[in-house]
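Good morning, colleagues. Please keep the sequence and the structure in view while I speak.

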Amino acid sequence: MQAFLDDWGLTLLTFLPLLGALLVIAIPKADEQMQKAVALLSTLATAVMAVLLLVWFNLDNAGSLQFVIDLSWIDVINSRYIMGIDGISLPLILLTVLVVPLCVIYSFKHFPEPRNPKAFLALLLILETGMIGTFVAQDLILFFVFFEVVLLPMYFMIGVWGGENRRYAAIKFFLYTLFGSALMLLSFLALFFLADGTLAGLAEANTFDMRALSGGATTAIARTSQIWIFAGMFLGFGVKVPIFPFHTWLPDAHTEAPTVGSVILAAVLLKLGTYGFVRVALPILPEAAAAWAPVIGLLAVIGIIYGALGCLAQKDMKRLIAFSSVAHMGFVMLGIATMTDFGINAAVFGMVAHGLITGMLFFLAGSVKDRYHTLDMSRLGGLLVQAPKMGWILGFCAMASLGLPGLAGFWGEFPAILASYNPAGILSEAVFRTYMVIAAVGTVLAAGYLLWMLQKAAFGTPREEFADSPDVKDASKHEFWAWVPMLVLIVVLGFYPRLIHEASDPAVVESLVVNVGDDVYDCLEIEDGTDCFEDLRAESAEKSNGGG
Amino acid sequence: MFAAEATEGIFQASGWFLENAWLVPAFPALSFLVILFFGKRFPKGGSEVGIAAVAMSFVFAVATGIQWISQVNSAGDDAAVDAVSSTWTWWVNGGIEFNIGTLVDGLAVVLIFVVTTVSLLVHVYSTDYVAGDSRYTHFFAFLSLFTAAMLFFVLSENTLQMIVGWELVGVCSFVLIGHWWEEKPNSDAALKAFLTNRVGDIGLLIGVAVLFFAADQTFSVLEINKMAISGEISHLALLVGACALTAAVISKSGQFFLHTWLPDAMAGPTPVSALIHAATMVVAGVYLIARLYGVFFEGFSIAGSSVNLLAIIGGLTTLVGASLAFVQRDIKKVLAYSTISQLGYMVLALGVGAWTAAIFHLFTHAFFKACLFLGSGSVSHAVHSFDMKSDMGGLRRWMPHTYKTFVIASVALAGIPPLAGFWSKDEILAGTGGWGLAGGTGGNGAYLVILIMGLATAALTAAYMTRCVYLTFFGEFRGHGTPHESGPRIIVPLWILAVLAIVAGWINLPKGFQLVPEGWTERFGHYVEPTADYFPSIAHAKPSWTLAVVSTLVALGGIAVAARYYFGRVRAESPMATEVGRGWTKRSRLASAGHTLLAKKYYLDHLYTGVIAGGVKGPIAKAAYKFNQEGIDKVVNAAGEKSVQAGHVVYDIIDQKVVDGIVNSSGVAPHLAGEEMRKMQTGKVQSYAGIVFVAAALLAIVFILVL
């Protein structure tokens, strides 16, 4: 089994959904049952694959890549088919393979107009391949391809199955993200040309191999160039996260997207951005990251306060939840900006927690809309009376989202605040402690908008217009079973956060140091501004002189 | 037979209960789940599960207490007794493992005893009080969850765990205040409680973070205390940490100026008020200070100073709470402000270094205040209202048991010897060390101002309770229908609490109290005050007969003044009257202004709800959103629109006129210029726009970053 997983595990994991999509497309349009069955089975097969990988994953060695596949792919540009997972990607992959089947189950009874389940399910499956691929890719070009594969299905989902303003939202989403990606691609190319793979033990100097790039190859790049390269990646990932002020595509996309689209967008798609920071930007360019960290931290805390204020101004429940993502991703980015194991562990945890919690909130918003045909909070009320189960679940998720200890959200939020009290040695304590206080204030605002939403939607008595509405029923079986796994996980992770830390911690610790051969460079804790790569740079200069 | 032996073995293996204290919160936690998912299937709607679980907790709490006492006894008189902690790995970060676990010492034992006792009585009481409620099962589920969370909090081994417990009790409070959420005022009150506490929680999060790093990356309560006392943590860090945590205490324990949520929280069912908003949850802040006393003691330099943040806040709170209790019509609000005032005493005591007195007062207050709240619930059960002025009066005739227990608890609260409140309050006053009282912790002149504040409050307390008792139980009945005494499930808990309100003070009689043998004095302090190195060495005030007499006279004076007014003049006017027709406030403008200030609760609610919350929710949030839609988003949209325009320009002028013109005029491809081609071209506008958009958006970003 080990050998099979080593050779095929990640490839199968990535492409099983795509295979499912092809099958769904091949099924005649009339046979909806078959399409649904195939779609569900292929997502379940993917989930089984992920579980197998989890079982065979060596937790004692979670810091290093496992199940690595390294095959030649595009020789001309020395881009290779490299895949591998460590403790950072593992939780996110598990999140993905959990959420997608639940979305499939949920959509069985909730195909938005203009229905067409076949296309809808096929897009969902293609989306899954894109997301998983991004989390397993270890070659920048491969990473980029998967990163972009995600765009198109989501574009169609919003553009075809969305609300009234869907065309605007879809195009905005597509172009905005594409714009970020274009700059990111530029940065990847710059890395390819400027980095020196031989420093990391490769035969060739030019490489897209992320392992080599984070293993010392980038020390050959001058500091200023590094900072510019980082800027490109920052925009690419930052738009996706989204970081203030690049977030305006998000509320529109969420408001217009069909429920399942919103859930996937919130649960997994946004994480591609933060994952990019943790996996690509920071380990590959640690010095530039340290230079940018105060800016990232600042934008993060602005996002926390600003997103919360945006929420407070909303009348539409779904738009409110969308804005809350801006605030929550601010906490994740703040954790990343501290450049400490604490902060990044918090960020990884925050990604999973936000995925579960906000995903759930979007599910609920969708179901509320199905019943009341509106999400205008001034018209809602009394959900607890008419649909008690849904009302309670909404209350539970609001509590989870505001970072209640004992539920998953807390472990992304508080450790991020904690970490910013004591950022990496290379960063300014005063600056980050200021951020800490601002972020802590954000937790109050979060409680404010979530509880006001809860009060308006769930408390009180139903409005007259909906009091006798036959559409208003409690959670159906499909809804309930799509939600239960997420709810259970929110509690379990809240009480036993170690489930994620166990995997993520070693990988995070590993990602913060640069290993070149047997030498370990821990540059982030240097406070006096000396160049910790001095030896390496000298070596590289010598080489290039010798070669030139 | 075997079971009996096993039980005996457990008791003899001294420390089994101390080491397995996690079981105490485990019972109610389990019962929460059982009631939540299966409660409605039980014949009594799940309440029996809750009662059984809390009873088990109570038994375990008592057993834990017994083992702790025997541990202290076996250690000998002067030996230090270490706290018993048991831990498990909870989470991992940066290779460091963090624990979850229990920490049992005298302090924790007192709290688990108080929590389980009051909770058990409240459970029994509630089976009658909320009988017939549509959410009966749900109510008991959350009582269980609250009990579990509170026990989890007081048994916390580390500060992070304390945050978890702290917030969980807050959520239970939110849910139970909003129990009748159909009415908007109730859900408003619930939100207010939660959000106000959230404000203080900023301090909790920051304080815990500061102490975590100051203490070399540990959350352990014992370690932090030890390092604070031994001087390994800088004074600045301790001061900052203590100030931040004080913010949390201010909100949770209803201290001035974040106390405003507590009176509103009375919107919840009365048993909830008794359990959560009088006896247990609101003392969480006091407990936090007591638990991390090393930090506060060193951070605020409590020894050797004559004023500090805690003492001032506590002193102000006692006065503010007591003064506001005077103008309430609602009996529960009188008690709520009284609770604020008494919590002020506890914080004040901790501020002047009278640690044991503070915990002792926490202990006695829990019983008499729970008794008062449950009594007010019994009254409202009879008259269907909480309004003393319009719906009560003369109830002693119909409700003898409620009347007697209420009066006993009131006298205990007023601090008249030999009831419980007297002993604990007197110890606090003695602890200030003011007026040359010997042996206080403070420095020169000690905490004289604080002592005066405490004495003034003693007079006020006695007076407002006299008013409350008169309005409720004396004069003529002003409500509708015929009141009736409540049933046994309400009366029995009342009597148990009333008895405790009498005797609870006797377990810590001052040294030198000649009426009892020497060995009977200061038992509470002996078993509760930690002796190991995680507790600062505090000086102990010597009891003073003079002070005891003075404070008793002050309290009696308060009663006398109020009694002269109510039992004298008001009753003389009419048995139905609730005030004198042309009273003081109507004659004196100053008094009238004072009354308005009190009636408006010092305008703090207006400031918080109207100005601050209204401002953030209203103008500030709207402005931010406007900036989003018309500032940032306009740039994005403009970038999009401009690129579409640019696309049109490119298409209309360059492509159609110039390029196509050349093509057409050249006559090379005349057929292609037909309708087909135009369609194709038009379809491409979007992709043109897309490319140009990228460029334009790039510019937009530059603008945003530069501007």
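The contact between the two chains takes 46 residues from chain B and 44 residues from chain A, where two residues are in contact if their C-beta atoms, placed from the backbone, lie within 7 Å. On the side of chain B that touches chain A, the elements giving two or more residues are strand 1 (84-93), helix 7 (159-177), helix 8 (184-214), helix 27 (604-666) and helix 29 (685-706) of chain B. Helix 8 of chain B supplies the largest share of that side, 14 residues. Divided by class, the side of chain B that touches chain A has 31 nonpolar, eight polar and seven charged residues. Here Ala, Val, Leu, Ile, Met, Phe, Trp, Tyr, Cys and Pro count as nonpolar, Asp, Glu, Lys and Arg as charged, and the others, Gly among them, as polar. Helices (H or I, at least four residues) and strands (E, at least two) are DSSP runs, numbered from the N terminus.

A word on the source. This is a predicted model, in which local features need pLDDT of at least 70 and side-chain atom pairs count only at pLDDT 80 or more, while totals for chains, interfaces and linings use all residues. Residues are numbered from 1 along each chain as its sequence is written, and chains are lettered from A and ligands numbered from 1 in the order in which they are written.

Let me stay with helix 8 of chain B. Its axis and that of helix 18 (residues 429-458) of chain A come within 9 Å and cross at roughly 160°; axes are lines fitted to C-alpha atoms, for helices over the stretch in contact, and angles run from 0 to 180 degrees between N-to-C directions. Helix 18 of chain A is therefore roughly antiparallel to helix 8 of chain B, given that angles under 35 degrees count as roughly parallel, over 145 as roughly antiparallel, 65 to 115 as roughly perpendicular and the rest as oblique. The crossing of these two helices is right-handed; a crossing is left-handed if the near helix is turned anticlockwise from the far one by less than a right angle, and right-handed if clockwise. Among the residues making the contact are Val437(A), Ala440(A), Val444(A) and Leu451(A) of helix 18 of chain A, and Leu191(B), Leu195(B), Arg198(B) and Ile202(B) of helix 8 of chain B. By class, this contact has 15 nonpolar, four polar and one charged residues.

Within chain A, which pair of helices comes within 9 Å and crosses at roughly 165°? The pair is helix 3 (residues 89-107) and helix 11 (residues 259-284) of chain A, and that angle makes helix 3 of chain A roughly antiparallel to helix 11 of chain A. Helix 3 of chain A passes helix 11 of chain A in a left-handed crossing. Their contact includes Leu95(A), Val99(A) and Cys103(A) of helix 3, and Val260(A), Ile264(A) and Lys271(A) of helix 11. It divides into eleven nonpolar, two polar and one charged residues.

Leaving aside its neighbours within four places in sequence, Leu124(A) is in contact with Val100(A), Cys103(A), Val104(A) and Val260(A). Leu124(A) counts as buried because it has 25 C-beta neighbours inside 10 Å; the cut-off is 20 or more other C-beta atoms within 10 Å for buried, 12 or fewer for exposed, and partly exposed in between.

I turn to the core. A nonpolar core is a set of buried Ala, Val, Leu, Ile, Met, Phe, Trp, Tyr and Cys residues joined through C-beta atoms within 7 Å. The largest one has 456 residues, and those touching the most other members include Ala281(A), Val286(B) and Leu350(B). Helix 14 (residues 341-372) of chain A gives the largest share of this core, 19 residues. In chain B, buried residues make up 54% of the 707 residues.

Finally, some backbone details. The peptide bond from Phe244(A) to Pro245(A) is cis, with omega near 0°, and Pro245(A) lies in the loop between helix 9 (223-240) and helix 10 (249-256) of chain A. The bond from Pro417(B) to Pro418(B) is also cis, with omega near 5°. His373(A), not a glycine, has a positive phi near 60°. Is His373(A) buried or exposed? His373(A) is exposed, with 11 other C-beta atoms within 10 Å.
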